[in-house]
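Student: Could we go through this model together, with the rule behind each label spelled out?
Tutor: Gladly; let's have a look at it.

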Amino acid sequence: MNKESVLIEKAAKGDESSFAEIINLYKNYIFAIILNFIKDYNEVENVAQEVFLQIYLSLPNYESDNFKGWISRIASNKSIDFLRKKKAKFREEAMENEEELMNNPRFSHNHTPEEILIEKEKTEEVSNLCKSVPPIYSDVIKKFYLEGKSYEEIAEEEGVTVKTIASRLYRGRNMLKEKWRERL
């Protein structure tokens with residue numbers, strides 16, 4: 001019986017020092033196999049730990065006479081599993097981003113790129129017109145029309161009543177209409 005077989009037999013029975021010796025013998029070999037699949041050194045270390053754990057757990061059932069081939073298969077399978085999980089995670093993230101885009105009203109099917117551009121230009125025009133109106137009115141107009149806030153939300157932010165916000169919005173709109181007519 002050669003030294004490797006003795007180490008394997010002892011490690012299979014739970015001898016940790018024999019298993020540590022096996023790791024020392026094959027760690028560079030296992031790293032090289034994993035590195036062929038995964039090019040990120042940090043990830044290689046993580047996968048190598050999984051490989052050593054799998055070897056430790058499966059060692060009591062080891063029956064082959066080709067130990068190097070056996071651990072090579074474990075390292076290859078763990079590397080492939082890692083790549084599959086990484087690819088699946090990437091797909092999952094891509095799907096989440098796609099859903100996020102689909103739920104974004106700016107990119108919904110109801111808006112063409114031209115409509116989005118026109119909407120953006122209108123928003124910029126309104127923002128520019130608001131500069132010519134006193135801030136007490138322009139702030140309310142921006143919050144209501146551009147930020148989509150309710151009367152109640154604006155009233156709470158401004159520390160005034162809802163009726164005051166309605167009044168400021170009414171006066172602000174009238175001022176904007178006047179400014180708009182002056183432009184034309």
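Tutor: Elements first: helices (H or I, at least four residues) and strands (E, at least two) are DSSP runs, numbered from the N terminus. The model is predicted, so local features need pLDDT of at least 70 and side-chain atom pairs pLDDT 80 or more, while totals for chains, interfaces and linings use all residues. Residues are numbered from 1 along each chain as its sequence is written, and side-chain values use heavy atoms, without hydrogens and water.

Student: Which helices each supply at least two residues of the lining of the largest pocket?
Tutor: Helix 5 (113-130), helix 6 (135-146) and helix 8 (162-183) do, and helix 8 gives the most, with four residues. A pocket here is an open set of points on a 1 Å grid over the protein atoms alone where a 1.4 Å probe fits, with protein on both sides within 12 Å along at least five of seven lines; lining residues have an atom within 4 Å of a point. The lining consists of Val-126, Leu-129, Ile-141, Tyr-145, Arg-173, Leu-176, Lys-177 and Trp-180.

Student: What is the volume of the largest pocket?
Tutor: About 170 Å³, where a volume is the space filled by probe spheres set on the points, which are joined across faces, edges and corners.

Student: Why is Lys-143 called buried?
Tutor: Buried means under 20% relative accessible area, exposed over 50%, partly exposed in between (1.4 Å probe, protein chains only). Lys-143 has 16%, so it counts as buried. Tyr-137, Ser-138, Val-140 and Ile-141 of helix 6 are also buried.

Student: What makes Lys-143 and Glu-157 a salt bridge?
Tutor: The rule asks for a side-chain nitrogen of Lys or Arg within 4 Å of a carboxyl oxygen of Asp or Glu. Lys-143 and Glu-157 meet at 3.2 Å, N to O, and so they qualify. Lys-143 lies in helix 6 and Glu-157 in helix 7 (residues 151-158), so the pair ties together parts 14 residues apart in sequence. Lys-143 forms a salt bridge with Glu-158 too, at 2.5 Å. Both partners count as partly exposed, Glu-157 at 44% and Glu-158 at 29%.

Student: Which residues are linked in a network of salt bridges?
Tutor: Lys-143, Glu-147, Lys-149, Glu-157, Glu-158 and Arg-168. The whole structure has eight salt bridges. One of them joins Glu-21 and Lys-3, with the closest N and O atoms 3.2 Å apart. Glu-21 lies in helix 2 (residues 16-37) and Lys-3 in helix 1 (residues 3-12), so this pair ties together parts 18 residues apart.

Student: How do you know that Lys-3 is exposed?
Tutor: Its relative accessibility is 56%, above the limit of 50%. Glu-21, at 31%, is partly exposed.

Student: Why is the Phe-31 and Tyr-41 pair called tilted?
Tutor: Rings of Phe, Tyr and Trp (its six-membered ring) pair if their centres lie within 6.5 Å; planes under 30 degrees apart count as stacked, over 60 as edge-to-face and the rest as tilted. Here the centres are 6.1 Å apart and the planes 40° apart, so the pair is tilted. Phe-31 is in helix 2 and Tyr-41 in helix 3 (residues 41-58). Phe-67 and Trp-70 are likewise tilted, with 5.8 Å between centres and 40° between planes. Both lie in helix 4 (residues 67-103), about one turn of the helix apart, and both are buried.
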